[in-house]
Amino acid sequence: MQKALFESEYHDLKMPDAEVCLVKQWIKPDTAHKLLHHFKAQLAWSQPEITLFGKRMKVPRLQAWYGDADAGYSYSGLMMEPLPWEDKLFKLKEYCEQSCQTRFNSVLVNLYRDGQDSMGMHADNEPELGVDPVIASVSLGATRNFDFKHKQSSEKRRIALSNGSLLIMRGSTQQYWQHGISKTKKVDSERINFTFRYVLPASK
């Protein structure tokens, strides 16, 4: 995979109580297209069940969890044990680390098959992520709207995450904002999203 970063195109989204920036063409379009097909074919996709409002249901998308051996992670009653890094996925992680100037040890990969696949509003504030985590979100494929909502003021922001884009959330973002991806009838093609995190090792 060729290095394809455009470091000069960072855009500060200037959100209160948050540090969020977007790189619209972090990966070149032709490289992003090839990576989409590679990861769709090579990653171990599943559709697990989670507990939401006391009910068991399948997540409305396909997903996979990769990372270091000690990077276990849980949310909504689902315990996720990481699969070993796939080669190109590990390279993508290294590029994210360079751009974010931080270390990641895991990634949640989501495959949105079309506009009917979605992600509910939430914050990445699990104890395993520590205080003020850095989250790097890479998108391949169809453009989808990424919605933010402030937990206290209810202020909303909507950002279009396009093919090859990189969204970085850091600082107090997860304390004050929720984010998610709504269903839409306007999108009929697939998108893969990679959310890189650093999971704190479990205490012995």
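Colleague: At about what angle does helix 2 run to strand 15?
Modeller: This is a predicted model, where local features need pLDDT of at least 70 and side-chain atom pairs 80 or more, while totals for chains, interfaces and linings use all residues. Residues are numbered from 1 along each chain as its sequence is written, and side-chain values use heavy atoms, without hydrogens or water. Helix 2 lies across strand 1, strand 5, strand 8, strand 10, strand 13 (166-170) and strand 15, where helices (H or I, at least four residues) and strands (E, at least two) are DSSP runs numbered from the N terminus and contact means heavy atoms within 4.5 Å. Between N-to-C directions of axes fitted to C-alpha atoms, for helices over the stretch in contact, on a scale of 0 to 180 degrees, its angle to strand 15 is about 60 degrees.

Colleague: Which strands stand at the edges of the open sheet?
Modeller: Happy to trace it: the seven strands run in the order 1-2-13-10-15-8-5, with antiparallel pairing (at least two DSSP bridges between two strands). Each edge strand has a single partner, so one side of it is left without a neighbour in the sheet; these are strand 1 (10-12) and strand 5 (62-67).

Colleague: What is the bridge partner of serine 106 in strand 15?
Modeller: Strand 8 (residues 106-112) and strand 15 pair in the antiparallel sense over seven bridges. In strand 15, the partner of serine 106 is arginine 197.

Colleague: Which strands do the buried residues of helix 1 pack against?
Modeller: Thr31, Ala32, Leu35, Leu36, His38 and Phe39 of helix 1 are buried (under 20% relative accessible area, 1.4 Å probe, protein chains only). Besides helix 2 (87-100), the buried residues of helix 1 pack against strand 10 (135-141) and strand 15 (191-197).

Conventions: Buried means under 20% relative accessible area, exposed over 50%, partly exposed in between (1.4 Å probe, protein chains only).
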